[in-house]
Each structure stands twice: as C-alpha cells, then as structure tokens.
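Please look over the following structure together with its sequence.

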Amino acid sequence: MPPRRRIVAPTLTDDDLAALTEALATGARRTVYLRDAVPSLGLAAGSSARVVAVADGVITVRPKGVGDDLPFEPSDLALSAAAARAPRATPRRSATRSAPPRGPRGATTVRVVLTGSGADGWSVEVTSGSRPPGKPVGVSAEAVAGAVAALGEPRAANAVHAVLEHARTQAQQRVAALSDELAAARASLDALSR
C-alpha cells in the first residue's frame, strides 16, 4: 500500500485577496477559517470568521462568537475548514539564494487582547504573528482607561467605561458595607468596654 500523502494547505493568494475584495465591494458575505487557534478568545484552529475588510495585504475578520474585528495575514487564514486544519506549506529555499528583504507588508501581525471585569481586574495578552499568545499580564484600570482613550475608538472606550463604572459601583457598595460592619464592631466594643 503506498504511503498516504499529507494535504498541505497553501496560503491565501493575491487572487484570493482580490476575490475577497471584490465580494466585499458587491456586498457579498465571505467566510474564511483560522489556521491557528486563538485560546484567549476561545477560538480553535478551523474556526470560521466573516471577512470585514481587505487592505494592504491584511484581512480583517470577525470570528464567529467574537464581537470584535481582528486583523490577520493571508498565511493565517484558509478558504475552507479542512485547509485551515492542514499542515502549513513550508517552501524550501536554495542554499545559494538569500531570502528577499522584508518590507512593510512583510511585518508580522500583532494582536493585543485586553480583558477585564469589575471583579478580576484587567489583563493584556499579546500574540505576534502565528506564535502562541503570551502569558496574560495584569494592568491597572488607570492604564487601561488611558490606553483606550488614546485609541480614539468610541466603541472600545464605551465598553471599557461601562466595566470601570460597574467596578466603581461595586467598590463603593463594598466600602459602604465595610463601613457599616466597622461601625457595628465599634459599637460592640464600646458596649463591652463599659
């Protein structure tokens, strides 16, 4: 029996990008599939994502179940779920040829995921290219508010502001409860001191 051939999925081509751009221009919906998992967002390899924009070799998508638009390089996406799960093609280079210089389009994609809730605080997780995401790092609420304000993106600012307001309200309620508890403890201490 001959050995089974492995299916090797190609990256999206310039023709694929042109077809996606044309489809978006006509209002058609196009779906692509993530080649790598994004654990911070709960996305497995092969997850579907709706194409939102194509510009300068970057494809912006909205993965199913995620409310944000995320940028990806063509090598991070496939046109089918099966191709997304297949091993990546790794072209072999001749020892005499040098790698072409990398220009601005060759820069890796960086994803910065900010996560926060009133109870757990804030953390930031960075993913560079197709590497696994880094370990989440805690950040202060002040830093988050300043960074989101600097972005000038109203939707992000409103979302962060809502979480900060909720956390502030919870903290105020906790302080009031502790103040009442402290007052009761002082009254009890005063009664025992007589």
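## Salt bridges

D68 counts as partly exposed, at 46% relative accessibility, where buried means under 20% relative accessible area, exposed over 50%, and partly exposed in between (1.4 Å probe, protein chains only). The side chain of D68 meets that of R155 in a salt bridge, at 3.9 Å from N to O; the term stands for a side-chain nitrogen of Lys or Arg within 4 Å of a carboxyl oxygen of Asp or Glu. This pair links distant parts of the chain, since D68 lies in the loop between β3 and β4 (70–72) and R155 in helix α4 (residues 154–193), 87 residues apart. Helices (H or I, at least four residues) and strands (E, at least two) are DSSP runs, numbered from the N terminus.

By this rule the count comes to four salt bridges. Among them is the one between D69 and R62, at 2.8 Å from N to O, in which D69 is partly exposed at 34% relative accessibility and R62 is partly exposed at 25%. Another joins R168 and E165 at 2.2 Å, N to O, and these two residues both lie in helix α4, three residues apart, which is about one turn of the helix.

## Basis of the model

This is a predicted model, in which local features need pLDDT of at least 70 and side-chain atom pairs count only at pLDDT 80 or more, while totals for chains, interfaces and linings use all residues. Residues are numbered from 1 along each chain as its sequence is written, and side-chain values use heavy atoms, with hydrogens and water left out.

## Helix α1

In helix α1, the residues L17, L20 and A23 are buried. They cover an arc of only 125 degrees around the axis, so they lie on the same side of α1, the arc being that of the directions from the helix axis to the C-beta atoms. The face turned away from this buried side carries the exposed residues D14, D15, E22 and A25. What covers the buried residues includes β1 (31–34), β2 (48–55) and β3 (58–63). Just after α1, G27 takes a positive phi of about 85 degrees.

## Strand β6

V112 is found in strand β6 (residues 110–117) and is exposed, with a relative accessible area of 56%. V110, also found in strand β6, counts as partly exposed at 46% relative accessibility. Leaving aside its neighbours within four places in sequence, V110 is in contact (heavy atoms within 4.5 Å) with V126, T127 and S128.
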